Amino acid sequence: MIRRSLRRQLLLATNFVVLLVLALGAWFNYHMTKHELDEVFDAELAQTTRMIKSLIHDPGFLPQDGTVRTIELPPIPAEYAARGDERQRDGHPYERKLAFQVWSTTQHLLVASENAMTQPISKPQAGYHELPIDGYTWISFSYFDPETQTWIYTAQREDVRSELSTYITADQLWVVFLTWLPLSLAILVIVVWFLRPVRQFATQLQQRDANDLLPLDAQLPSELVPIQSNINALFGRINDYLQREKNFIADASHELRTPLAALRLHAAQIDPNDPASISAVQRATERLTHLVNQLLLLTKLEGTTLHQQQLHAVPLQQLLLQVLADLPDHVTETCEWQLSITDDCIVYGLPTLLEVLFRNLLQNAAKYSGDDGVVSVSCRRESNFLRISVHDSGPGVPESELARLGERFFRHPQTRHIDGAGLGLSIVTRIAQLHGIQLSFANYPAGGLAVQLDFPLLDPS
């Protein structure tokens, strides 16, 4: 993939636009100037024609013997081309690029300049004309004088105008070039100056150690502040993720060590005729299997996202009855279940994940309620959410520890004697986040922990 410099692209694009604007301005100015020059030359042709008209009104000016009055032109010096001096003592070499004639209505040439003795330089039609004569294009003006019954032609070679236009074009190019140079330097200074924070920011990122996840604090333009904010947020998430992984590895190692030690101990002393040893190995195996399954489920949920199209309407009463039916008998038979759920309690979510959420909540509540405990589940409809409460009759959690509920492997020291891996509420928390459910924990005054889930009343259909 080709890496393109932002500064280089800005310089090239800006200079291209400046050159384009200058070139278009020069082109427009050139054509406007050429148009004005053509008007000036055309006016001179008309003015010269009127001067000749005043001359031929003199009775002695037009020849009466059939000859042609010739107006002589100054010769061109031999060294003119090499010397390049256009001004002469007796005139200008460009005079040979100007010509005039006077013709009678019977097509007899009466008066002509020395360089217009062979053929008409215009047409017997009033106005301006362009004629090819001797390899050149002549721009001419025709005028009929009714008093003398003559046609007056004045003409100018087109290359005179083209030469002047060429000089104008060259001057315009120099103007464009001399204008572009300081503009280009100014653009370079401006781009380098205003992109300096961006370059410093890029240098800071390049020189940053891969393990340095501290927030960036560069002075950037307002357009780049969101980029820095997002990068800092990304650094924060990465740092948090790495910290969680460190804690996860430490906690997982600790939690796995106990069932593995029990397995190793009982496996070394197992006696096929000793039911107690076999039962201990089975319990350790079941605990280890449960822990691994919970870890796998939690890992899978970490990379999961839900879209509104995936959510379905799920009757809460039917869902809870199905969850209770799937729980082991030793869980459901140790406590009393009180469900205050009506048929119109509908939640929206992915049914499989909601089953996992409530299975963990109900199993957790039954486990900490103890023998002959009570687990109650209620549903209440509020203005913009559906509140579901799961309340157990256990010892509850100290107020200082409520905020830690949902952390992976967190278990209060007073409840470590109860089987568990400390992952159930972590899975509940993650599923609640995926569904946009507000999850909260509170202790009841009479005892026990209450888990509240506020489902949004949003129909995805």
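This report describes the overall makeup of a predicted protein model and then some of its residues and helices.

## Basis of the model

Residues are numbered from 1 along each chain as its sequence is written, and side-chain values use heavy atoms, with hydrogens and water left out. Because the model is predicted, local features need pLDDT of at least 70 and side-chain atom pairs count only at pLDDT 80 or more, while totals for chains, interfaces and linings use all residues.

## Overall makeup

The protein has ten helices and 13 strands. Both are DSSP runs numbered from the N terminus: helices are H or I with at least four residues, and strands are E with at least two. The protein contains 461 residues, and 37% of them count as buried. Buried means under 20% relative accessible area, exposed means over 50%, and partly exposed lies in between, with a 1.4 Å probe and protein chains only.

Among contacts in the protein with a separation of 6 or more, 61% are between residues 24 or more positions apart. A contact means heavy atoms within 4.5 Å.

## Leu110 in strand 3

Leu110 belongs to strand 3, which covers residues 109-113. Leu110 counts as buried because its relative accessibility is 15%. Leaving aside residues up to four places away in sequence, Leu110 touches Leu62, Pro63, Thr67, Val68, Arg69, Val102, Trp103, Ser104 and Thr150. One of these, Arg69, is 41 residues from Leu110 along the chain, and their C-alpha atoms are separated by 6.2 Å.

## Helix 9 and helix 10

Helix 9 (residues 351-369) and helix 10 (residues 424-435) have axes that come within 9 Å and cross at roughly 145°. Axes are lines fitted to C-alpha atoms, for helices over the stretch in contact, and angles run from 0 to 180 degrees between N-to-C directions. The crossing of helix 9 with helix 10 is left-handed, a term used if the near helix is turned anticlockwise from the far one by less than a right angle (right-handed if clockwise).

From helix 9, the residues in this contact are Leu353, Leu354, Val356, Leu357, Asn360, Leu361 and Asn364; from helix 10 they are Gly424, Leu425, Ile427, Val428, Ile431, Ala432, Leu434 and His435. Eleven residues of the contact of helix 9 with helix 10 are nonpolar, four are polar and none is charged. Here Ala, Val, Leu, Ile, Met, Phe, Trp, Tyr, Cys and Pro count as nonpolar, Asp, Glu, Lys and Arg as charged, and the others, Gly among them, as polar.

## Cysteines

The model has zero disulfides, where a disulfide is a pair of cysteine sulfur atoms within 2.5 Å. Cys335 counts as buried at 10% relative accessibility. Cys379 is also buried, with a relative accessible area of 18%.

## Residues with positive phi

Most residues other than glycine have a negative phi. Asp134, which is not a glycine, has a positive phi near 55°. Asp134 sits in the loop between strand 4 (127-133) and strand 5 (136-145). With a relative accessible area of 63%, Asp134 is exposed.

Gln149 is not a glycine either, and its phi is positive at about 55°. Gln149 is in the loop between strand 5 and strand 6 (150-157), and counts as partly exposed at 39% relative accessibility.

Ala43 is in helix 1 (residues 6-56) and is partly exposed, with a relative accessible area of 43%. Asn239 is in helix 5 (residues 225-269) and is partly exposed at a relative accessible area of 41%. From Asn239 to Leu214 the C-alpha distance is 8.8 Å, and the two are 25 residues apart in sequence.

Pro221 lies in the loop between helix 4 (196-207) and helix 5. Its relative accessible area is 28%, so Pro221 is partly exposed. Pro221 and Phe194 are 27 residues apart in sequence, and their C-alpha atoms are 8.8 Å apart.
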